[in-house]
Amino acid sequence: MNHQELNTTSLWKILEVSRNLSMPLSLEAVLKQVVETALEVLDAERGSVFLFHPASDELRTQVATGRAEIRVPLTKGIVGECALNRKVVNVTDCYQDARFNSEVDRQSGFKTQSLLAIPLVGLDDNLVGVL
């Protein structure tokens with residue numbers, strides 16, 4: 001797939017997720033579909049949605065492929081930077097980036113090569129989480 005343009009199949013998948021956002025589905029079901037679609041469209045191996053928990057000032061995985069819950073302080077790591085700045089963070093070589101926390105890889109046995117973090121922001125500009 002040309003990474004500059006989305007193909008028709010990918011666009012239809014994104015449209016399907018958009019339509020489902022208006023349906024009476026559980027948050028868990030919607031987030032799983034978002035992650036599955038993102039994995040397919042981006043040709044990624046794993047994906048996660050971290051939700052922001054203001055009481056503890058941390059991000060926690062709500063949906064994650066291949067991993068149990070991960071908790072990240074809002075001020076730490078690539079996911080934290082994405083959330084704080086509300087900007088996409090694209091890292092092509094995680095092990096060359098000082099922000100990357102390789103502890104999760106050590107615990108899971110998976111080696112993260114690249115990472116794309118996308119902020120999830122509500123209509124009222126409140127932080128929801130990170131994909």
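Which residue in β2 is the bridge partner of Ser-48? I looked it up, and Ala-64 is the partner.

**Entry 1: ground rules**

I am working with a predicted model, in which local features need pLDDT of at least 70 and side-chain atom pairs count only at pLDDT 80 or more, while totals for chains, interfaces and linings use all residues. I number residues from 1 along each chain as its sequence is written, and my side-chain values use heavy atoms, with hydrogens and water left out.

**Entry 2: the whole chain**

I found 4 helices and 7 strands in the protein chain. For these I took DSSP runs numbered from the N terminus, helices being H or I of at least four residues and strands E of at least two. Starting at the N terminus, I read the order of elements as α-α-β-β-β-α-β-α-β-β-β.

Next came burial: 33% of the 131 residues are buried. My classes are buried for under 20% relative accessible area, exposed for over 50%, and partly exposed in between (1.4 Å probe, protein chains only). The chain exposes about 8500 Å², and carbon and sulfur atoms supply 51% of that. Areas come from the Shrake-Rupley method with a 1.4 Å probe, and for residues only the protein chains shown count as cover.

I also checked contacts, meaning heavy atoms within 4.5 Å. Among those between residues at least 6 apart in sequence, 38% join residues at least 24 apart.

**Entry 3: the sheet**

I traced an open sheet of 5 strands, ordered β3-β2-β1-β7-β6, with antiparallel pairing. β3 (71–73) and β6 (119–121) are the edge strands with a single partner each, so one side of each has no neighbour in the sheet. From one strand to the next, the twist averages 30°. I called two strands paired if DSSP finds at least two bridges between them.

Residues 48–53 of β1 pair with residues 58–64 of β2 over 6 bridges, in the antiparallel sense. The two strands make a hairpin with 4 residues between them, and Asp-57 in the turn has a positive phi of about 55°. On the other pairing, β1 meets β7 over 2 antiparallel bridges.

Of the 6 residues of β1, 5 are buried, so the strand is largely enclosed by the rest of the structure.

Helix α3 (residues 77–85) lies across β1, β2, β3, β6 and β7 (127–130), and runs at about 150° to β7. Which residues of α3 are buried? I listed Ile-78, Val-79, Gly-80, Cys-82 and Ala-83. After α3 comes Arg-86, with a positive phi near 50°.

**Entry 4: salt bridges**

How many salt bridges does a search of the whole structure find? I got 6, counting a side-chain nitrogen of Lys or Arg within 4 Å of a carboxyl oxygen of Asp or Glu.

I followed Glu-58, which is buried at 12% relative accessibility. Its side chain meets that of Arg-60 at 2.7 Å, N to O, and Arg-60 is buried too, at 19%. Glu-58 also bridges to Arg-71 at 3.2 Å, N to O. Glu-58 lies in β2 and Arg-71 in β3, so this pair ties together parts 13 residues apart in sequence.

Arg-71 is partly exposed at 46%, and its side chain meets that of Glu-69 at 3.0 Å, N to O. Glu-69 is partly exposed at 46% as well. Through shared partners, Glu-58, Arg-60, Glu-69 and Arg-71 join into one network.

**Entry 5: a surface patch**

Last, I noted a nonpolar surface patch of Leu-42, Val-88 and Leu-116, with about 250 Å² of accessible area together. Patches take residues with over 30% relative accessible area and no salt bridge, joining like charges within 9 Å and nonpolar side chains (Val, Leu, Ile, Met, Phe, Trp, Tyr) within 5 Å. Leu-42 sits in helix α2 and is partly exposed, with a relative accessible area of 45%.

Definitions and conventions: Axes fitted to C-alpha atoms, helices over the stretch in contact; angles between N-to-C directions.
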